[in-house]
Every structure is written in structure tokens, then in C-alpha cells.
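Colleague: I have a few questions about this model. Can we go through it together?

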Amino acid sequence: SQFAALVKEAKLLRRTPHDIRHTTATLMLMEGANILQVQHQLRHSTASVTLDKYGHLLPQDRDLASGLTTD
């Protein structure tokens with residue numbers, strides 16, 4: 001496929017379009033994008049679909065899980 005050829009040309013480890021999609025969502029959320037922005041980028045039908053898959057990456061949840069809250 002054209003995608004596989006580009007990955008090989010860039011000398012990247014084997015990646016699939018799905019891997020890139022997941023990485024995009026993860027990086028967006030870690031950089032502070034809101035769930036609606038991620039939903040739009042991934043073209044999910046609803047924000048709840050995006051939340052079900054990536055909600056655990058939201059900053060407030062990461063802070064709570066790591067004990068780094070400032071409350």
C-alpha cells in the first residue's frame with residue numbers, strides 16, 4: 001500500500017493507519033485538546049464514542065490517577 005511505502009521510506013517501525021489514529025488522539029488529549037476537537041478529528045459519530053475510547057487520557061483523570069491533584 002502507499003501508506004506502507006511511506007512508512008518504509010521514512011524508516012519508521014511498522015505502523016498501521018490505526019496506530020497513527022490512536023497516537024493522534026492520545027497526543028491531542030495530552031496537549032489539552034477537548035473531547036469535541038478529538039471527536040471531530042477522528043470523525044467519531046458522537047463525543048461519547050470518543051470518551052469511551054480515550055476518556056482515560058483526559059488530563060484531570062491522569063492527575064487523579066497519579067495523585068498529582070492540587071485540591
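Colleague: What share of the chain is buried?
Modeller: This is a predicted model, so read each value as computed from it. The chain has 71 residues. Buried means under 20% relative accessible area. Buried residues make up 23%.

Colleague: Which pattern does the chain follow along the sequence?
Modeller: There are five helices. Read in order, the pattern is α-α-α-α-α.

Colleague: How are helix 3 and helix 4 oriented to each other?
Modeller: Helix 3 spans residues 35–42 and helix 4 spans residues 47–54. Their axes come within 9 Å and cross at roughly 100°. Angles of 65 to 115 degrees count as roughly perpendicular. Helix 3 and helix 4 are therefore roughly perpendicular.

Colleague: Which residues make the contact, and how do they divide by type?
Modeller: Helix 3 brings Ile-35, Leu-36, Val-38, Gln-39 and Leu-42. Helix 4 brings Ala-47, Thr-50, Leu-51 and Tyr-54. By type, the contact residues are seven nonpolar, two polar and no charged.

Colleague: Where on helix 4 do its buried residues lie?
Modeller: The buried residues of helix 4 are Ala-47, Thr-50 and Tyr-54. They cover an arc of only 60° around the axis, so they lie on the same side of helix 4.

Colleague: What covers the buried residues of helix 4?
Modeller: Ala-47, Thr-50 and Tyr-54 are the residues in question. Their cover includes helix 2 (17–30) and helix 3.

Key
Residues are numbered from 1 along each chain as its sequence is written. This is a predicted model: local features need pLDDT of at least 70, side-chain atom pairs count only at pLDDT 80 or more; totals for chains, interfaces and linings use all residues. Side-chain values use heavy atoms; hydrogens and water are left out. Axes are lines fitted to C-alpha atoms, for helices over the stretch in contact, and angles run from 0 to 180 degrees between N-to-C directions. Helices (H or I, at least four residues) and strands (E, at least two) are DSSP runs, numbered from the N terminus. Angles under 35 degrees count as roughly parallel, over 145 as roughly antiparallel, 65 to 115 as roughly perpendicular and the rest as oblique. Contact means heavy atoms within 4.5 Å. Ala, Val, Leu, Ile, Met, Phe, Trp, Tyr, Cys and Pro count as nonpolar, Asp, Glu, Lys and Arg as charged, and the others, Gly among them, as polar. Buried means under 20% relative accessible area, exposed over 50%, partly exposed in between (1.4 Å probe, protein chains only). The arc is that of the directions from the helix axis to the C-beta atoms.
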